Amino acid sequence: MHLCRHLYPSMPHSRPTPGSSHTARAALLFIFAGLLFLSGCKTSSKVSVPQLLTPVVEADTPRLLEEINRLAAVRSLRGKVDIQFLDTSFAKCGVAEKYKTADGTVTLQRPGHILLVIQVPFIGTDVAQMTSDGEHFRVAVLQGEERYKRFVKGTNNAVYPKLEADGAEPDCGDDDNGKKSMNVRAVSALSSLRPQHVTDALMVLPVAAPDSNLIYAQTESFEEEADTRPKAKKGARVVRAYYMLVELRPEASGRARVLRRFWFDRVGELRLARLQTYDDAGRLATDVIYREPKAFGEGSRYNLPSRVELTRPQDRYSLRITYQTPEAVKIDQPYPADVFDLKNSWNLPEVNLDERTRK
């Protein structure tokens with residue numbers, strides 16, 4: 001402000017004289033110009049704005065479809081993984097039950113086949129085994145209290161009520177009853193884990209053939225998110241560019257239903273970063289995030305995400321799967337059908353969800 005005063009000193013006070021209208025008008029213009037300059041002499045401060053990450057890759061819809069089908073070209077996978085289960089049943093209470101990381105061996109083969117063995121780290125004792133042949137699934141729970149050990153059978157595309165505490169809301173109290181309620185809900189969420197959910201997350205389904213009636217629509221998005229680069233400052237934010245590809249199925253009366261939504265990271269290279277699927281009511285059924293792409297298999301034939309985070313909002317759980325040694329993963333080897341047909345060799349109590357639903 002002092003600088004502005006030096007540039008525009010105060011004008012001397014004088015009484016206007018006859019015939020000095022031009023002088024007065026010039027003086028007023030001089031004052032207005034000074035006021036305009038003064039308005040620009042305010043103190044300014046720098047504001048931190050999230051940086052747009054570059055370079056940003058350009059791609060059209062055929063290129064996005066090609067990237068999906070590249071991932072879908074993998075016929076089979078077998079490797080060691082780390083598995084961590086996060087139960088979000090208690091989100092109402094502001095609590096998430098995070099279970100310790102377990103060892104696992106996953107075998108996947110198209111179309112829709114999976115064998116997943118979960119073990120206690122270092123000891124090697126099986127916690128659970130589960131399979132799916134693409135149509136039906138079987139889950140053997142081998143650890144925990146006796147009443148929770150069971151052999152569960154069901155159909156992949158069926159919707160079942162939870163095995164425990166159906167429809168109950170979590171008790172957010174700190175007393176013994178609240179803790180018991182949370183324990184029951186934890187078992188309920190664990191019982192919702194289905195092997196086919198893991199299959200669809202780890203082995204992306206290809207896009208529809210050109211002669212199908214499905215429609216693909218491309219958009220772009222710029223999302224502000226945490227800066228996860230190695231040397232990023234704590235709490236730093238960035239803006240990341242994405243392409244979104246929406247898969248729609250036409251319905252009657254000019255409407256369409258969203259089946260899947262693909263998110264492609266565009267920074268530096270084109271990469272599938274997220275996959276969301278929706279049920280018949282349009283609710284989010286599965287949300288999968290793909291991280292840390294690495295070379296897989298002997299000869300580094302495929303570049304695939306080594307860390308996958310699967311969330312089932314309706315079932316209230318998340319699953320984080322990390323390949324221990326991607327380069328040791330066996331790729332495109334055929335497996336016989338009986339590998340994916342789990343038998344109840346432990347004589348566990350059996351729960352047939354299809355029969356239970358009919359009754």
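Trainee: I clicked on D341 first. Is it buried, exposed or partly exposed?
Mentor: D341 counts as partly exposed, because its relative accessibility is 32%.

Trainee: And what does D341 form a salt bridge with?
Mentor: With K343; the closest N and O atoms are 3.0 Å apart. K343 itself is exposed, at 52% relative accessible area. Keep in mind that this is a predicted model.

Trainee: Which elements have the lowest and highest mean pLDDT?
Mentor: Helix α1, residues 2-7, has the lowest at 45, and strand β12, residues 271-278, has the highest at 98. Over residues 1-14 the pLDDT is below 50, and that stretch has eleven contacts in the model beyond near neighbours in sequence. There's another stretch to watch: pLDDT stays under 50 over residues 165-170.

Trainee: Back to salt bridges. How many does a search of the whole structure find?
Mentor: It finds 22. One of the pairs is R266 with E220, at 3.0 Å from N to O. R266 is in the loop between β11 and β12 while E220 is in strand β9, so the pair ties together parts that are 46 residues apart in sequence.

Trainee: Which residues are linked in a network of salt bridges?
Mentor: E225, R240, D265 and R271 are linked that way.

Trainee: Switching topic: how many residues of strand β5 are buried?
Mentor: Seven of seven, across residues 113-119, so β5 is largely enclosed by the rest of the structure. H113, L115, V117 and Q119 point one way, and I114, L116 and I118 the other.

Trainee: Which strands are joined to β5 by bridges?
Mentor: β4 runs antiparallel to β5, with seven bridges joining them. β6 is also antiparallel to β5, again with seven bridges.

Trainee: What sits in the turns?
Mentor: The β4 and β5 hairpin has three residues between the strands, and G112 in that turn has a positive phi of about 80°. The β5 and β6 hairpin has six residues between its strands, including F122 with a positive phi of about 70°.

Trainee: Can you show me some partners across the strands?
Mentor: L108 has I114 in β5 as its bridge partner, and I118 stands opposite A128 in β6.

Trainee: Last one: how many residues does the largest nonpolar core have?
Mentor: It has 51, and F264, L319 and Y323 have the most contacts inside it. Beyond four places in sequence, Y323 is in contact with residues including L77, V106, L108, L202 and F296. Another core lies apart from that one, with five residues, among them A140 and F151.

Methods
Residues numbered from 1 in each chain as written. Predicted model: local features only at pLDDT ≥ 70, side-chain atom pairs only at ≥ 80, totals over all residues. Heavy atoms only, no water. Buried < 20%, exposed > 50% of the residue type's maximum accessible area, 1.4 Å probe, protein only. Helix = DSSP H or I, 4+ residues; strand = E, 2+ residues; numbered from the N terminus. Pairing = 2+ DSSP bridges. Core = buried A, V, L, I, M, F, W, Y, C linked by side-chain atoms within 4.5 Å. Contact = heavy atoms within 4.5 Å. pLDDT = per-residue confidence, 0-100. Salt bridge = Lys/Arg side-chain N within 4 Å of Asp/Glu carboxyl O.
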